[in-house]
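Welcome! Please open the structure and follow along.

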Amino acid sequence: MSTLTAGLGFKPQHIDEALACAEPGVWLEVHPENYMVDGGPRLAMLDALAQHHPLSLHGVSLSLGSPVAPDTRHLARLRRLVDRVQPAMVSEHLAWSSWEGRYLPDLLPFPRSTEALLRVVENVQRTQDALGRRIAVENPSHYVVVEGHEWSETDFLAELARRSGCGLLLDINNVHVSAHNLGYDSREYLDAFALHEVMEIHLAGYAVDESTSGSLLIDSHDAPVDDAVWSLYAAVIERGGPRPTLIERDGDVPSFATLLDERSRAHHLLRHGEVA
Amino acid sequence: MSGLADYQRRFLHALGDAESHFLPARQAGFDVYRNTTLRAGIDALEANFPSVACLVGRDWFRAAAAAYVEMSPPEDPRLMFYGDLFPAFLDAAEQTADVPYLGDVARLDRLWTESQNAADDIPMPSAMWAELTEDGLSSVTVRPHASLRLFRSPHPAVTIWRASREGRAVEGELAWQPEHAVVIRAHMQVTVHDVGAPCLMFIEACASGSTLAEAAAHTHRFHPDAAIDRILAGCQLAGLFVLAHGETNP
């Protein structure tokens, strides 16, 4: 397998171009939840993709921040997918999304207390044990100030990685959006980030929330990556070295060729150390 | 209750309470979470019930979906399976009294999704059917293909469903009579076949472990006019059956 450079979030409407794509270093990321079925065309499509490209399974529903252990049925389904497609990477979020049998389709925040740290460490360990492999945990986007933090997010993630053995997924758009929304400096945040633990980087576009007159940025994945995010990304790669980098796009999805163009910018930087 | 659990319980409560005094909920950004969790549920229903959405129009659908999300929020993170109670919800909704078939159209959408994502299975090959002798019929048991789903409606819901899926109006005058169907993904594509009540009875008899001959006799008892040979040929052509395990080949 050649070294992974820049990848794309896979959209089913791009299946033919994705299968035909022979760009060096390209890889594709999917949400495993969309493929947790018994059979049929979805799984067949994923099998075909896995034969052509390295895959990354990027979960959105494990709820690692819950005060209870991850759902064992969900972990078993994830394990079956991992065994089936042998992904290059598996990742999840530092967030919670389930409560007493209810699923909240979002990535919700919680106070980064020591109690929470111990809980997330245990949940990550259970996940890694169930999958038989290391996962990466992503920094989320923030929209509200949460009281009761005992840890900064960067320290929390570094300690989580140290205690559980997991890696980190650094979403630089999330850093940009959260720094704007909560009023901190994105460069200071990145300076404090444990880059040596980063297994994967995410880049995406954001939207300006109309209802709050621009005071909030939304991690909407429906626009090209912003120049400010590209600039943060270049600084991260310069300091930490190249890492597999994903361009996420979930809304207002352009053609595959347009996404490949955007991806080539990251690919170029990873290969040659400069923004094309 | 731990601090983490208590926080999440209060967070969840505040998502559904616009007047909440929970501190994060008093910030403008909290609406991002309210909107995202609600919209994801509505979007999933719109994706899972496209025929209903096409019939009633986007605004009506999303209003009904929002009410459903509130009443029966998602439990399974696999949102393509969200909405198992949505057909019954539509049946019971006051606003659907003049469209009594709407729940059944939703049921057919649901069966389509189930069939689409069911386990892969290999239909009994036609060569095997061709070799079936009369002795074979009385000894062979078949089981339904893993993706086979049966549908019955007292309304012409199959015709309405099909027109809606194809984004067109029902052609000609709609005959107001019961309609039944089988939903099958014999190969990678889901197909909905119109069938009669005798065909469904035959399939159910086979599924319960009867031999083909017993299933035929059972169906004939309740539907003396049923053309069993045509039902059998139709089932074969559509790939509805798999040879049951442990049976010798005919």
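## Chain A at a glance

Does the radius of gyration of chain A agree or disagree with that of a compact globule, and why? It agrees: a compact globule with 276 residues would have a radius of gyration near 19 Å, and chain A has 18 Å. The radius of gyration is taken over C-alpha atoms, and the globule rule is 2.2 Å times the number of residues to the power 0.38. Along its principal axes, the C-alpha trace of chain A spans about 50 × 40 × 35 Å.

Before going further, please note that this is a predicted model, in which local features need pLDDT of at least 70 and side-chain atom pairs count only at pLDDT 80 or more, while totals for chains, interfaces and linings use all residues. Residues are numbered from 1 along each chain as its sequence is written, and chains are lettered from A and ligands numbered from 1 in the order in which they are written.

## The barrel of chain A

Chain A has 9 helices and 12 strands. Helices (H or I, at least four residues) and strands (E, at least two) are DSSP runs, numbered from the N terminus. A closed barrel of 8 strands runs through chain A in the order E1-E2-E3-E4-E7-E8-E9-E12, with parallel pairing. Two strands pair if DSSP finds at least two bridges between them. From one strand to the next, the twist averages 30°.

For one example of this pairing, look at strand E7 (residues 136-138) of chain A, which is joined to strand E8 (residues 167-171) of chain A by 3 bridges, the two running parallel. Here A:Glu138 stands opposite A:Leu169 in E8(A).

## Chain B at a glance

Chain B has 12 helices and 5 strands. What is the radius of gyration of chain B? The value is 23 Å, but a compact globule of 250 residues would have one near 18 Å. The C-alpha trace of chain B spans about 75 × 50 × 30 Å along its principal axes.

## The sheet of chain B

Three strands of chain B form an open sheet in the order E2-E3-E4, with antiparallel pairing. Its edge strands are E2 (149-153) and E4 (191-195) of chain B, each of which pairs on one side only. On average, neighbouring strands of this sheet are turned by 25° against each other, direction ignored. E2(B) is joined by 5 bridges to strand E3 (residues 179-184) of chain B, and B:Arg149 stands opposite B:Val183 in E3(B). Another 5 bridges link E3(B) to E4(B), which run antiparallel; B:Ile184 has B:Thr191 of E4(B) as its bridge partner. E3(B) and E4(B) form a hairpin with 6 residues between them.

Which helix lies across E2, E3 and E4 of chain B? That is helix H9 (residues 157-165) of chain B, running at about 50° to E3(B). Helix H10 (residues 197-207) of chain B packs on the sheet too, touching E2, E3 and E4 of chain B, and its direction makes about 145° with that of E2(B). Axes are lines fitted to C-alpha atoms, for helices over the stretch in contact, and angles run from 0 to 180 degrees between N-to-C directions. Two residues are in contact if their C-beta atoms, placed from the backbone, lie within 7 Å.

## Helix pairs in chain B

The axes of helix H6 (residues 102-116) of chain B and H9(B) come within 9 Å and cross at roughly 65°. This crossing is right-handed (left-handed if the near helix is turned anticlockwise from the far one by less than a right angle, right-handed if clockwise). H6(B) brings B:Asp104, B:Val105 and B:Leu108 to the contact, and H9(B) brings B:Ala157, B:Val158, B:Ile160, B:Trp161 and B:Ser164. By class, the contact of H6(B) with H9(B) has 6 nonpolar, 1 polar and 1 charged residues. Ala, Val, Leu, Ile, Met, Phe, Trp, Tyr, Cys and Pro count as nonpolar, Asp, Glu, Lys and Arg as charged, and the others, Gly among them, as polar.

The axes of helix H2 (residues 30-48) of chain B and helix H4 (residues 58-71) of chain B also come within 9 Å, crossing at roughly 120°. The crossing of H2(B) and H4(B) is right-handed. Residues in the contact include B:Leu38 and B:Ile42 of H2(B) and B:Phe61 and B:Tyr68 of H4(B).

## Where the chains meet

How many residues of chain B are in contact with chain A? There are 34, and they touch 37 residues of chain A. Helix H1 (3-15) and H2 of chain B are the elements that give two or more residues to this side of chain B. By class, the side of chain B that touches chain A has 19 nonpolar, 10 polar and 5 charged residues.
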